[in-house]
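Here is a set of questions and answers on one model. Each answer works towards the value or name asked for.

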Amino acid sequence: MIADMTAKYGRPHHRGYRFETTRRELERIRASQVDGRNHDVTLYIRKGEQIVVIAKHIYPPGLYRAPSGGLKPGESFESGIHREVAEETGCRISIDKFLLQTAVRFHHVDDSVPWRSFVFLADYLDGDFEYTDRHEIREVRLAGWAEFVSFGRIMRATETGGLHYRAALHETVAALVQGPTSRPPHGGFEA
């Protein structure tokens with residue numbers, strides 16, 4: 001499936017990350033790995049000069065990130081992407097580019113859990129931001145790239161390794177989309 005997406009949307013950059021977590025967070029990540037799932041598909045959806053972002057109910061005020069979700073067993077990448085985007089944002093998109101593939105280790109003391117993200121750049125086609133996943137999503141809105149710096153600060157102020165990872169992912173994606181910045185992506189390395 002990855003080879004098919006690469007053939008259709010281009011060869012992604014590869015990055016590796018390692019983040020410390022609490023024992024509780026590590027167990028929560030492990031519990032999310034139903035049916036062997038160890039991944040998410042993350043979408044940076046452009047609408048004009050802005051990006052569609054989501055906030056979860058558990059996020060502190062001011063924290064947003066790109067929508068993401070897992071593929072269901074037997075679901076194709078494209079079907080899963082379109083389903084997740086509809087559920088989390090209420091939008092339809094056109095996939096533009098397979099931007100990034102990550103390998104992540106969430107680590108606590110002598111234990112770790114592997115995770116992967118498949119990151120795509122997409123364009124907004126239509127939709128009203130009337131998302132259906134009200135259990136997980138609190139809000140959908142548009143954000144400028146500059147706002148991601150603030151989102152990253154809020155993420156890093158938490159004790160959550162998963163949010164530290166999302167902050168680093170935002171920085172990596174911004175550098176890939178907008179060109180290199182003076183600051184390298186935090187916590188990442190070439191995989």
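Buried means under 20% relative accessible area, exposed over 50% and partly exposed in between, with a 1.4 Å probe and protein chains only. The model is predicted: local features need pLDDT of at least 70, side-chain atom pairs count only at pLDDT 80 or more, and totals for chains, interfaces and linings use all residues. Residues are numbered from 1 along each chain as its sequence is written, and side-chain values use heavy atoms, with hydrogens and water left out.

Q: Is Asp126 buried, partly exposed or exposed?
A: Asp126 lies in strand S6, residues 111-127. Strands (E, at least two residues) and helices (H or I, at least four) are DSSP runs, numbered from the N terminus. The relative accessibility of Asp126 is 33%, so the residue counts as partly exposed.

Q: Which residues does Asp126 touch, not counting those up to four places away in sequence?
A: Contact means heavy atoms within 4.5 Å. Ile93 is 33 residues from Asp126 along the chain, with the C-alpha atoms separated by 7.2 Å. The residues that Asp126 touches are Gly90, Cys91 and Arg92.

Q: Just after H3, what phi does Gly90 take?
A: Helix H3 covers residues 77-89. Its buried residues include Phe77, Glu88 and Thr89. Just after H3, Gly90 has a positive phi, about 75 degrees.

Q: How far does H3 reach from its first C-alpha to its last?
A: The expected span of a helix is 1.5 Å times one less than its number of residues. H3 has 13 residues, and 18 Å is expected. The helix comes close to that, reaching 18 Å.

Q: How far apart are the end C-alpha atoms of helix H5?
A: H5 runs over residues 161-178, and its 18 residues should span 26 Å. Among its buried residues are Gly161, Gly162 and Tyr165.

Q: How far apart in space are Phe106 and Ser79, C-alpha to C-alpha?
A: Along the sequence, Phe106 and Ser79 are 27 residues apart. In space, C-alpha to C-alpha, the separation is 28 Å.

Q: Are the rings of Tyr17 and Phe19 stacked or tilted?
A: Rings of Phe, Tyr and Trp (its six-membered ring) pair if their centres lie within 6.5 Å; planes under 30 degrees apart count as stacked, over 60 as edge-to-face and the rest as tilted. A search of the whole structure finds 15 such pairs. The rings of Tyr17 and Phe19 have centres 6.1 Å apart and planes at 20 degrees, so the pair is stacked.

Q: How many residues apart in sequence are the parts that Tyr44 and Phe148 tie together?
A: The ring centres of Tyr44 and Phe148 are 6.2 Å apart and the planes are at 40 degrees, so the pair is tilted. Tyr44 and Phe148 are both buried. Tyr44 lies in strand S2 (residues 39-47) and Phe148 in helix H4 (residues 147-156), so the parts tied together are apart in sequence by 104 residues.

Q: Over which ring does the charged end of Arg134 sit?
A: A charge sits over a ring if NZ of Lys or CZ of Arg is within 6 Å of the ring centre and within 35 degrees of the ring normal. The charged end of Lys47 sits over the ring of Tyr124, 4.4 Å from its centre. For Arg134, the charged end is 4.1 Å from the centre of the ring of Tyr131.

Q: Which element supplies the largest share of the lining of the largest cavity?
A: On a 1 Å grid over the protein atoms alone, a cavity is a set of points where a 1.4 Å probe fits but cannot get out; lining residues have an atom within 4 Å of a point. Grid points are joined across faces, edges and corners, and a volume is the space filled by probe spheres set on the points. The largest cavity holds about 30 Å³, and its lining includes Val41, Pro67 and Glu84. The largest share, 3 residues, comes from H3.

Q: Which residues lie nearest the centre of the largest pocket?
A: A pocket is an open set of points with protein on both sides within 12 Å along at least five of seven lines. The largest one has about 920 Å³ of space. Of its 28 lining residues, those nearest the centre are Arg28, Lys56, Ile58, Arg65 and Glu136.
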